[in-house]
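User: I would like to go through this structure and ask how each label is reached. Please set the values against the definitions.

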Amino acid sequence: MIIKLTDKKLLKLWGQAVIERAGFKCEYPDCNVHYTQLHPHHLYSRRYVTMRYNLDAGISLCPYHHTMGGLSAHHDPDFKSVLVATGVRTEEFFDRLREERNRIQKNTAAWKLECYKKLSHYL
Ligand SMILES: [Zn+2]
């Protein structure tokens, strides 16, 4: 079977996998916002090829904790520290993720296929 793995398709699959892995919930500690939609957020920018389709680089957030509130991922400079302090992610997790982030990787068809295989468990 030949699948055309476009960037758009892979990012959509990545987002679905992030939200599914989180149990279809906002992962912000003690989130009690009433939301109807969840957003997959990249903990490190998707401009890094090694983060782009990486499940570990994702976190499932409600719109408030993603972009809207003062404590959201897009507004709070201490967002990652809050995740560590509350045990949502660990310091070691971020150390490993940063190492992978800094690895040079070209966004080749072979790379996309490798990422697709990892994400496809969530299809
Ligand atoms: Zn939330």
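**Labels and their cut-offs**

Analyst: Leaving aside neighbours within four places in sequence, Leu43 is in contact with Ala57, Ile59, Lys80 and Leu97; two residues are in contact if their C-beta atoms, placed from the backbone, lie within 7 Å. This is a predicted model, where local features need pLDDT of at least 70, side-chain atom pairs count only at pLDDT 80 or more, and totals for chains, interfaces and linings use all residues. Residues are numbered from 1 along each chain as its sequence is written.

User: Why is Leu43 called buried?

Analyst: A residue is buried if 20 or more other C-beta atoms lie within 10 Å of its own, exposed if 12 or fewer, and partly exposed in between, with C-beta atoms placed from the backbone. Leu43 has 20 other C-beta atoms within 10 Å, so Leu43 is buried.

User: Where does Leu43 lie?

Analyst: Leu43 lies in the loop between β1 (39-42) and α2 (49-52). Helices (H or I, at least four residues) and strands (E, at least two) are DSSP runs, numbered from the N terminus.

User: What makes Arg101 partly exposed?

Analyst: Arg101 has 18 other C-beta atoms within 10 Å, which is why Arg101 counts as partly exposed. Arg101 lies in helix α5 (residues 91-101). Leaving aside neighbours within four places in sequence, the contacts of Arg101 are Tyr44, Tyr48, Thr50 and Met51.

User: Why are α1 and α6 called roughly parallel?

Analyst: The axes of α1 (residues 7-21) and α6 (residues 109-119) come within 10 Å and cross at roughly 30 degrees. Axes are lines fitted to C-alpha atoms, for helices over the stretch in contact, and angles run from 0 to 180 degrees between N-to-C directions. Angles under 35 degrees count as roughly parallel, over 145 as roughly antiparallel, 65 to 115 as roughly perpendicular and the rest as oblique. The two helices, α1 and α6, are therefore roughly parallel to each other.

User: Which residues make the contact between α1 and α6?

Analyst: From α1 come Leu10, Leu13, Trp14 and Ala17, and from α6 come Lys112, Cys115, Tyr116 and Leu119.

User: Which residues have the most contacts inside the largest nonpolar core?

Analyst: They are Trp14, Val18, Cys26, Leu38, Leu61 and Leu119, in a core of 17 residues. A nonpolar core is a set of buried Ala, Val, Leu, Ile, Met, Phe, Trp, Tyr and Cys residues joined through C-beta atoms within 7 Å. The elements giving two or more residues to this core are α1, β2 (58-61) and α6. The largest share, four residues, comes from α1.
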